[in-house]
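Please work through the exercises below with the sequence and the structure in view, trying each task before reading its solution.

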Amino acid sequence: MKLSFNNVAKHFGDLHVIEEFTREIASGELVALVGPSGCGKSTLLHMAAGLEKPSSGSVAGDGQTIRGPHPERTLMFQENALYPWLTLQQNVALALEFQSVDKKKAAEQARVWLENVKLKGFEHYYPHQVSGGMRQRAALARAFISQPKALLLDEPFGALDALTRMTLQDALRDLIRQQGPTVVLVTHDVDEALFLADRIFVFSPRPAKVLKEFNLVHHEKTHDLSEFAAIRRDILCLLGIHAEQDEFAKNIEGVGV
Ligand SMILES: Nc1ncnc2c1ncn2[C@@H]1O[C@H](COP(=O)(O)OP(=O)(O)OP(=O)(O)O)[C@@H](O)[C@H]1O
């Protein structure tokens, strides 16, 4: 699904959140939104999800103005998005049941998707009985089961430790390669953006506008981000973080890259 933001501005009462945002996100593209806390990244995502309306301008999916939520545009949040009173399988199946898929068929599909995200054997566990990483794997299965055309990810791995986050990023990258949805990813993790994104938009503080855009589409996706050192430094600098405070940059310099 092609997502088009046309002259989008947003304010909540007197609070001016989005200044003017015009961008197209191509079908199958993954764009990461990076910027200071509270600048309006989630608000842009909510507008693409149809949960918020622009104050002016419009957001369209494949040329159709987005006026409300639709299963073809799925939003996934940070932790705690699963219903605690349902098992992992029931949580995943629910996404299909909401679309009036027969309960038995939904359960079968949920089992397949839990296996896809390496949760075979945990179908009947409740969210509190598994780790945070496993909960987010189940949340990924629930996001992908209805094969959305657009996946809107709001800090999906923000609550996980660095190692678990990397394994989840790998799982997400593989699912994206298989399914090919358009993805908009809000993240505070510059490395996550560098690893996953085709393009990165770096936003200013509120009212948000794009300070700079980075195109990474021709780069191989590995967790070795050394070839991105210059871009990484540039992004951190735009966010007001100086390279000398940053351990990664020091290490890269240390090995003469
Ligand atoms: N429904 C709402 N009603 C009123 N104000 C809102 C609403 N949604 C967001 N805001 C305000 O808009 C501003 C931008 O919020 P938003 O969540 O989009 O920022 P963000 O960049 O995603 O922040 P963070 O990175 O901290 O999650 C904030 O000041 C927030 O309080």
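**Exercise 1: the surroundings of Pro69**

Pro69 touches Ala49, Gly50 and Leu51, leaving aside residues up to four places away in sequence, where a contact is a pair of C-beta atoms, placed from the backbone, within 7 Å. This is a predicted model, in which local features need pLDDT of at least 70 and side-chain atom pairs count only at pLDDT 80 or more, while totals for chains, interfaces and linings use all residues. Residues are numbered from 1 along each chain as its sequence is written.

Task: determine whether Pro69 counts as buried, exposed or partly exposed.

Solution. Begin with its place, which is in the loop between strand E5 (64–65) and strand E6 (73–76); helices (H or I, at least four residues) and strands (E, at least two) are DSSP runs numbered from the N terminus. Next, take the 13 C-beta neighbours inside 10 Å, because of which Pro69 counts as partly exposed; the cut-offs are 20 or more for buried, 12 or fewer for exposed, and partly exposed in between, with C-beta atoms placed from the backbone.

**Exercise 2: two helices**

Task: find how the axes of helix H4 and helix H5 cross.

Solution. The axes of H4 (residues 132–145) and H5 (residues 162–179) come within 10 Å and cross at roughly 15 degrees, the axes being lines fitted to C-alpha atoms over the stretch in contact, with angles from 0 to 180 degrees between N-to-C directions. H4 is therefore roughly parallel to H5, since angles under 35 degrees count as roughly parallel, over 145 as roughly antiparallel, 65 to 115 as roughly perpendicular and the rest as oblique.

Notes
Two residues are in contact if their C-beta atoms, placed from the backbone, lie within 7 Å.
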